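Here is a short briefing on one protein model. It covers a helix, the nonpolar cores, the salt bridges and the confidence scores.

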Amino acid sequence: MKGTGVIKHILKDHFAGFWYLHSGRFPESYRDHIKETVEKTIRCGTSDLGFARYECLGCEGNPLPKFVYFTCKSRLCHRCGKKYTDDWSDKQQEKIFDVTHRHMVFTIPRELRNVFYNDRKKLNELSKQVAEVFKYHNHKRSKKRGLQSGIITVIHTFGRDLKFNPHIHALVTEGALDNQNEWVNNGYIPYEFLRKSWQKVVLDLIKKWFPDNQKVNDLIDDLYRRYQKGFYVNAEKKMKNAKGVAKYIGRYLARPAIAEYRIEAYDGKTVHYWYEDHKSGKRIDKKIPVYRFLFEILQHIPPKHFRMVGGFGLYSRRSHRKAQQILSLHAFMRTKQISLVLEKKRKKKTYRQRIIESFGKDPIECPHCHRQMELVGIWHSDYGWLYHYMEEIESERRRKYGIFKPKEAG
C-alpha cells in the first residue's frame, strides 16, 4: 500500500494496540493530547466530526444532497497540515518585509535533546535565544544606533530520519533599522560568531533551568570542551523576495514528520520508507515494524497550544506595523510605485475556492441545473445541529406575522 492516506490507514489499523502497550513512552503531561490528536486525524473528513449539507432546492432533476465533511485541523494530518501551511504562507506575504532574508538553522547537540523531549515548552524559550544572538551582534556593531533586525523562528523537532532532533529555523533580515529609522545593511555575520554565540545562550539557559546541579555543570563544561567551535548553525540560504520567504518557511510549519510519497510500502506489519541523507546526499531505505514507525511519527506531536512560530525584533507585535510603514516608504522612494505604500489585505480562501483552484470543478454546483446549491444544514459532533434552513424559514414566518414561540412547560 502506497500513496495518499497510508498514514491514516496505519493509524486506524494499529493505534489502539500501540497506545495500550506504549503510551508510557511519551511525557505524561501531553499524552492525552497525543491521543486526542490521533483520534481526530482518523475521523478527519468523515461524518463523525460533522458536516455541512447542500441541496439544490426546487431543482427538477432532484439531485442527491452534497455533504462537505469537517476536517480535524491537526498537525498530524497531511490534508489539514497542507491547508494550514497554505493559509499561513498567504498571510505571511502581507507581513514579511520585501527585503533580502537569510535562512538559518540553529541545532541542538545530541547530549541535550532529552531535555526538550520531556518538556517541549522549553523550545519556546530557545526561540527567544535565537533572537538574542542577533540582538547581541547588532549591539556589538553599534551601541549608539540601536540597530534592530527582523527575526521569525519556526520550531522543528524531526530530521529526515524521523528521530527526535529539535532545531530552530530562523528567517533573518539582511539589514536592520536604526533609531533614526534608516535601513542599514548588516553585511556578513561571521560564522564563528553565530556558532559560539548560539552555544553560549543555549548552555546559559540549561544552567538556568537546572541550578546547583553538579551533573549538569559537568555536562556543560564537557560540551564546551567537545564543541570548541560552537554548536552547529547552517546559514547558507539567501532569499530575496517576500513571496519566496513565506513559501519556504511555510514548508516547516505544520507538516507531519514524513511526507506520504516517501512511504514505499506498508503490508500491515512493517513500513518501508526512505529519506535522503544530509551528509552523503544518498537515498537511505528503512524497513521497520509498524509500532516503531508509529512511535517515530507520534513523538513529534507538540503539546496543546504550543507556539510553533515566534516573531522578534522588527517582526514583534510592538514593532512590526511601524517597521512595515518605514520600509514601504523606503521602497516607494526607490521605485516610485504607489502600490508599495498601500496596505494589502488578502481574504482567506474558502473550501469552494480551493477545490475549484485544485481540480477545476465547483464542489457545490448542481449536476442538473448547474446552479450553486444552497446550504441547508450544519451539524457538529459536539454541538449537534447549528443551523437548519427550515428553522430559519419558521423563524422568519413568526417574525413576519408576530407569532411568538410558546413557552415550554415548567
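**Helix 5**
- Helix 5 runs over residues 122–141, 20 residues in total.
- At 1.5 Å a residue, the helix should span 28 Å; its end C-alpha atoms lie 30 Å apart, which agrees.

**Nonpolar cores**
- The largest nonpolar core has 66 residues. Phe106, Phe134, Leu194, Trp198, Phe293 and Leu298 touch the most other members.
- Helix 6 supplies the largest share of this core, with nine residues.
- Leaving aside residues up to four places away in sequence, Phe134 touches Met104, Phe106, Ile151, Val172, Ile189 and Leu194.
- A second core is separate and has 16 residues, among them Trp88, Ile96, Val99 and Tyr315.

**Salt bridges**
- The whole structure holds 17 salt bridges.
- Lys122 pairs with Asp119, with the closest N and O atoms 2.9 Å apart. Lys122 counts as buried because its relative accessibility is 15%, under the 20% cut-off. Asp119 is partly exposed, at 28%.
- Arg283 and Glu264 form a salt bridge at 3.6 Å, N to O. Arg283 is in strand 11 (residues 283–289) and Glu264 in strand 9 (residues 263–266), so the pair ties together parts 19 residues apart in sequence. Both count as partly exposed, Arg283 at 46% relative accessibility and Glu264 at 25%.
- Lys286 bridges to Glu296, with closest N and O atoms 3.7 Å apart. This pair ties strand 11 to helix 9, parts that are ten residues apart in sequence. Glu296 is buried, with a relative accessible area of 3%.
- Glu111, Asp222, Arg225 and Arg226 are linked in a salt-bridge network.

**Confidence**
- The protein has an average pLDDT of 84, and 87% of the residues score at least 70.
- Confidence is highest in helix 9 (residues 290–298), at a mean of 95, and lowest in helix 12 (residues 389–401), at 66.
- Over residues 336–342, pLDDT stays under 50. The model has eleven contacts beyond four places in sequence for residues 336–342.
- Where pLDDT is low, predicted coordinates should not be read in detail.

Methods:
Residues are numbered from 1 along each chain as its sequence is written. This is a predicted model: local features need pLDDT of at least 70, side-chain atom pairs count only at pLDDT 80 or more; totals for chains, interfaces and linings use all residues. Side-chain values use heavy atoms; hydrogens and water are left out. Helices (H or I, at least four residues) and strands (E, at least two) are DSSP runs, numbered from the N terminus. The expected span of a helix is 1.5 Å times one less than its number of residues. A nonpolar core is a set of buried Ala, Val, Leu, Ile, Met, Phe, Trp, Tyr and Cys residues joined through side-chain atoms within 4.5 Å. Buried means under 20% relative accessible area, exposed over 50%, partly exposed in between (1.4 Å probe, protein chains only). Contact means heavy atoms within 4.5 Å. pLDDT is the predictor's confidence in each residue, from 0 to 100. A salt bridge is a side-chain nitrogen of Lys or Arg within 4 Å of a carboxyl oxygen of Asp or Glu.
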